[in-house]
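Here's a quick walk through a surface patch and some charged pairs. Have the viewer open as you read.

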Amino acid sequence: MNIIDSISSGLMPVVVISVIAYGLIKKVSLMDSFTKGAKKGLITVFNILPALTALMCASSVFVKSDLSSVIEEIISPIASVFGFPAELVPLLVVKMFSSSAATGLITEIFSSFGPDSYIGRTASIMLACTETVFYTMSVYFNSVNVKNTLYTLRCCIFSILCGAMASAFLAGVM
Amino acid sequence: MLDFIWSFAIIAGTVTCFITHGPQEAAGAITDGAASAVELCIFMAGTMSFWSGIMNIAQESGLIDNLSRRIQPVMRFLFPDVPTESAAFKYICVNMAANFMGLGWAATPAGLMAMGELKKIHNVTNTASRAMCMLIAVNVSSVQLLPVNIIIMRQKYLSAAPFDIVFPSIIATSISTFAAVAAVKMCERRYFK
């Protein structure tokens with residue numbers, strides 16, 4: 001457990017130090033490069049704000065109305081067959097369409113269950129291990145005008161489900 | 001589709017909230033959501049801009065290019081019908097390396113360039129080529145080393161150990177990527193004999 005913890009929290013500082021050291025060796029103008037990138041990061045964050053506002057309003061009112069718990073009750077018998085918490089089924093579905101929508105939803109999950117609960121950890125790992133399938137597919141295939149995508153969607157959804165089940169399992173053992 | 005989910009959540013949520021909790025609560029829930037979206041963005045802005053700055057150094061110092069050369073053997077296995085010296089192959093490697101480091105803005109352009117090149121070398125018209133399907137499946141299964149935005153959100157919601165999930169995430173993302181590659185390789189056998 002301790003080793004996993006130290007790998008987990010040590011990775012970010014190690015990456016930061018290695019990148020800066022590599023930049024020093026290659027004689028990059030560090031401050032200049034850093035500030036350029038930091039600006040891009042800021043723009044990225046505030047670019048998602050309008051979408052995030054739309055989606056967080058929706059998820060906030062939806063959770064408040066208790067409708068989400070009705071849906072969970074319907075889904076939970078199916079989800080429990082796969083050992084997957086029913087509370088996270090909406091998150092799994094939403095993540096296939098939009099990253100900012102998933103961000104909006106995970107804040108609801110964190111505030112009701114806590115980020116360190118089993119549900120909170122499963123949600124974190126799940127969001128980290130998959131990308132938005134419908135968005136990615138439409139951007140990539142539309143860019144080359146491909147209409148027949150063969151088996152891509154099937155394979156992507158299969159990999160997302162594998163990732164989701166792995167997340168539920170890993171959150172249980174860590 | 002997202003339009004449908006969104007409008008359903010707003011309409012059904014507001015109506016039910018109105019009936020069960022009254023009009024004040026319904027209006028309150030909507031404005032609460034808007035306020036916390038702005039709050040979250042401001043909270044994220046600090047760490048995200050720091051991380052983007054670091055990653056820009058990684059890009060300008062050539063670390064990403066270096067990494068993309070190192071992953072060539074793996075890419076040769078994934079894309080056997082893409083010539084190693086082609087521009088498509090180079091873009092694929094950059095796309096994967098950038099994804100691995102969490103550089104979304106560098107990964108997507110490289111990925112789209114790769115799609116364009118693949119279209120040329122495989123004479124694609126309407127139907128996806130085998131390499132295109134693999135490229136997208138691997139992109140969707142995500143090969144990210146550090147899920148920075150999730151770590152930030154865990155910090156925002158006062159997690160006792162926000163970094164806890166890094167190692168399990170690497171395992172989970174390896175599993176989903178492995179599943180994607182295996183599934184695509186199996187389908188390839190059926191569609192491209």
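## A partly exposed valine and its patch

V38(B) has a relative accessible area of 37%, so it is partly exposed (buried is under 20%, exposed over 50%, partly exposed in between; 1.4 Å probe, protein chains only). You'll find V38(B) in helix 2 of chain B (helices are DSSP runs of H or I, at least four residues, numbered from the N terminus).

Helix 2 (30-47) of chain A and helix 2 (23-60) of chain B each give two or more residues to the patch.

## Ground rules

This is a predicted model, with local features needing pLDDT of at least 70 and side-chain atom pairs pLDDT 80 or more, while totals for chains, interfaces and linings use all residues. Residues count from 1 along each chain as written, chains are lettered from A and ligands numbered from 1 in written order, and side-chain values use heavy atoms, leaving out hydrogens and water.

## Salt bridges

There are six salt bridges over all chains (a Lys or Arg side-chain nitrogen within 4 Å of an Asp or Glu carboxyl oxygen). In one of them, R154(B) pairs with D116(A) at 3.2 Å. R154(B) sits in helix 8 of chain B and D116(A) in a loop of chain A, so the pair joins two chains. R154(B) is buried at 0%, while D116(A) is partly exposed at 34%.

E39(B) and K156(B) also pair up, at 3.1 Å, linking helix 2 and helix 8 of chain B across 117 residues.
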